[in-house]
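Hi,

Here is the structure I promised to pass on.

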Amino acid sequence: MEWELSEREKGFQQIAREFAQSEVLPLASEIDRSGKIPKGLRSKLLDLKFQSIPLPRKFGGASASMLSFVLAVAEIAKASPSVAFFTCASLGGMFPLHFAGSEEQKAAFLRPLCEGEKLGAFALTEPQAGSDPISMQTTAVREGDEFVLNGEKAFITNAALADTYTIIAYTDKAKKHKGMSAFIVEKGTKGMKFTKMADLLGMRGCIVAGIRLEDCAVPKENLLGREGDGFKIAMETVNIERVALSGVGVGIAEACLELACEYAKVRKQFSQPIANFEAVQFMLADTATEIEAARLLTFKAANLADAVLYRFSQEQEQRGLSAEAVAVSQEERRRKIEAFRKIAAMAKLFSSEVALRAASNAVQIHGGFGCTKECPAERFFRDARILSIAVGTSEIQRITIAREVLK
Ligand SMILES: Cc1cc2nc3c(=O)[nH]c(=O)nc-3n(C[C@H](O)[C@H](O)[C@H](O)COP(=O)(O)OP(=O)(O)OC[C@H]3O[C@@H](n4cnc5c(N)ncnc54)[C@H](O)[C@@H]3O)c2cc1C
């Protein structure tokens, strides 16, 4: 089955491809070596507004499909997975505001993020609470017109770099996940400090660090949604982020296949190109097959994600439709939302593992050269390794899928 891309989707893909090849690729190994994305490149990326492709035009986004974002981010990943991961984290920092922000909050906080004037981050993980967010310790206590936050967050992408953070904290620990709430915290708020940056294995261009909150007071207006909505907001955010990262996985795998094919055709052993050897051909064939499957699963997840992302604008979209058409489209939307969580977990699980196998095969095909920093496959291999851990490990994706399958 060939997935039909709309003209608009092809447009985003093309813009991202040109930008990635001309502006990102030349800097990719330096980004990995230095552990940072140059400020100039970050600014260009944010100005192009890749990060807000699937967010509403009303707040500065492009109101385009999630698939448009996935296509763009896959092109960027082919050049530098770090830059693609940064773009996904920037989008992730906006989802809580999109899902739960009031009109005032969206105007004040979401718009500058969509426009690329500011950068966002999403903070759920803690030193003792990763796969099991219920065990987190951060609290928010209401004191007059403020909430006072205390606790520590770990492994937060864009920490210290971002301007606007969504922080998940307990407002009522006894209620477990129903006692979690989400807060907007702006950089510079008294009591908010950043802890040591992680020296990462892969995705080294991304800034990942901890956040310490010591009597960090935010106005009560910075609560997102209602008290107790935090877990729901966090899960909706990670589910959509999983689709975004699936696109990064597809991009890495595609780049690795291209590199491996090019090398296999020119590297000669036993007086012939190594591409002539069946053992090498089988690695290429397996990678190509898995890429096709990962791409289709990712596209399907992106397609379902739109039902989740745009459910809020449902009313406006449906104005002018007959009652029957509205009923059908509501039913369709409900069905897609229900299917979404499982398919998003499948896409994240499969794409990240396909990316890692593709990168591992590419290293193998490059032989000794594949084990050196001069070979891009080495970098893709380290970058791919991060994908099966960030935004939920492969084990957690399998648990999510199994739960849905056993329902
Ligand atoms: C580069 C990077 C960027 C990140 N960015 C962010 C961010 O921006 N915001 C944020 O909030 N978080 C972020 N994270 C955190 C990430 O989501 C967590 O690392 C991830 O959820 C795993 O949590 P953990 O590291 O505590 O591992 P743990 O939960 O301690 O897991 C350790 C191992 O145990 C396994 N395990 C745990 N529970 C089970 C179970 N029930 N069954 C089977 N196996 C299990 C896991 O699969 C894993 O293999 C980032 C992480 C990385 C690496």
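A residue counts as buried when its relative accessible area is under 20%, and as partly exposed between that and 50%. Please keep in mind that this is a predicted model.

Cysteine 206 has a relative accessibility of 2%, so it is buried. The structure holds 0 disulfides. For cysteine 206, the nearest cysteine sulfur belongs to cysteine 88 and is 9.1 Å away, whereas a disulfide needs the two sulfur atoms within 2.5 Å. Cysteine 261 is in no disulfide either: the nearest cysteine sulfur, that of cysteine 256, is 11 Å away. At 27% relative accessibility, cysteine 261 counts as partly exposed.

Next, the largest pocket. It holds about 1600 Å³ of space. Its lining is made up of 48 residues, and those closest to the pocket centre are Leu124, Val238, Arg242, Val391 and Gly392. By class, 29 of the lining residues are nonpolar, 8 are polar and 11 are charged. Helix α8 (230-266) is among the elements that supply at least two lining residues each, as are α5 (81-92), β1 (120-123), β3 (146-157), α11 and α13 (394-406). The largest share, 9 residues, comes from α8.

Beyond its neighbours within four places in sequence, lysine 336 is in contact with Asn303, Leu304 and Ala307.

Key:
Residues are numbered from 1 along each chain as its sequence is written. This is a predicted model: local features need pLDDT of at least 70, side-chain atom pairs count only at pLDDT 80 or more; totals for chains, interfaces and linings use all residues. Side-chain values use heavy atoms; hydrogens and water are left out. Contact means heavy atoms within 4.5 Å. Buried means under 20% relative accessible area, exposed over 50%, partly exposed in between (1.4 Å probe, protein chains only). On a 1 Å grid over the protein atoms alone, a cavity is a set of points where a 1.4 Å probe fits but cannot get out, and a pocket is an open set with protein on both sides within 12 Å along at least five of seven lines; lining residues have an atom within 4 Å of a point. Grid points are joined across faces, edges and corners, and a volume is the space filled by probe spheres set on the points. Helices (H or I, at least four residues) and strands (E, at least two) are DSSP runs, numbered from the N terminus. Ala, Val, Leu, Ile, Met, Phe, Trp, Tyr, Cys and Pro count as nonpolar, Asp, Glu, Lys and Arg as charged, and the others, Gly among them, as polar.
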